[in-house]
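Here are my notes for your read-through. Keep the sequence and the 3D view open as you go.

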Amino acid sequence: MIDKKKTQIEKLLQEFPLAQYAYIRMEELEFSERVRYICETECPRYDTSWACPPAVGTLEECQARCLSYEEGFLFTTFSEVPDIANLEETLTYRADHEEITRQICGIFKEQGFEVMALSTESCAICDQCAYPHAPCRRPEYMFPCVESYGILVTDLAEKYGIEFLYGGNVVTWFSLILLRED
């Protein structure tokens, strides 16, 4: 990435409540069927959303899509929730993170980058997803889940020194924005 662009982006990022972030090298991404297997066997959203497997494509298709980008931008925000064990309630706190992701994508686009964002859990924009009977109604707002692409985001965070275990009822939200110069 051109240093001038990165300098401008750094200034703009100061306006956001980011916990941590890092630019990542694409060769650091690891894709695993094991992660997709967890989606299939443990997530109630599997096969119910355009943001989740199998709708996002095969692991190989997801990997090829990601590796067509030049660089990644991994960042976290966090929320304190009343009861971290209550997944349904906890997920209601992610809207702020998703909006931050949308705005940061806009910053990169304004600086001349094509972007693809992967973010938190399964999409919850619409009350009822159109999947599989019709196309996504809001593709410009939907970010597939990082894990739906077979990427174990916590391993990636550890490689780049990004903390994500704060204890108590603190949830760390991740987004990975993939970048290539337009």
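1. Start with helix 2, residues 33-42, in this predicted model. V35, R36 and C39 are buried there. Why do they sit on the same side of helix 2? Their directions cover an arc of only 100° around the axis, so they share a side. Keep one rule in mind: an α-helix has 3.6 residues a turn, so residues three or four places apart point the same way.

2. Now turn to the other side of helix 2. R34, Y37 and E42 are exposed there. Exposed means over 50% relative accessible area, while buried means under 20%.

3. What covers the buried residues of helix 2? The cover includes helix 3, residues 59-67.

4. Look at the start of helix 2 as well. A side-chain oxygen of S32 comes within 3.0 Å of the backbone nitrogen of R34.

5. Helix 1 spans residues 3-13, and its K5, I9 and L13 are buried. These buried residues fall within an arc of 70° when you look down the axis, so they line one face of helix 1. D3, K4 and K11 lie on the other side and are exposed.

6. Which elements do the buried residues of helix 1 pack against? Among them are strand 1 (20-25), strand 2 (71-80) and helix 5 (95-110). Strand 3 (113-118) and strand 4 are also partners.

7. Finish in strand 4, residues 170-181, where R180 is found. Its side chain makes a polar contact of 3.5 Å with the side chain of Y69. Leaving aside residues up to four places away in sequence, R180 touches S68, Y69, E70, G112, F113 and E114.

Conventions
Residues numbered from 1 in each chain as written. Predicted model: local features only at pLDDT ≥ 70, side-chain atom pairs only at ≥ 80, totals over all residues. Heavy atoms only, no water. Helix = DSSP H or I, 4+ residues; strand = E, 2+ residues; numbered from the N terminus. Polar contact = N/O pair within 3.5 Å; in protein donor to acceptor, adjacent residues only side chain to side chain. Contact = heavy atoms within 4.5 Å. Buried < 20%, exposed > 50% of the residue type's maximum accessible area, 1.4 Å probe, protein only. Arc of directions from axis to C-beta.
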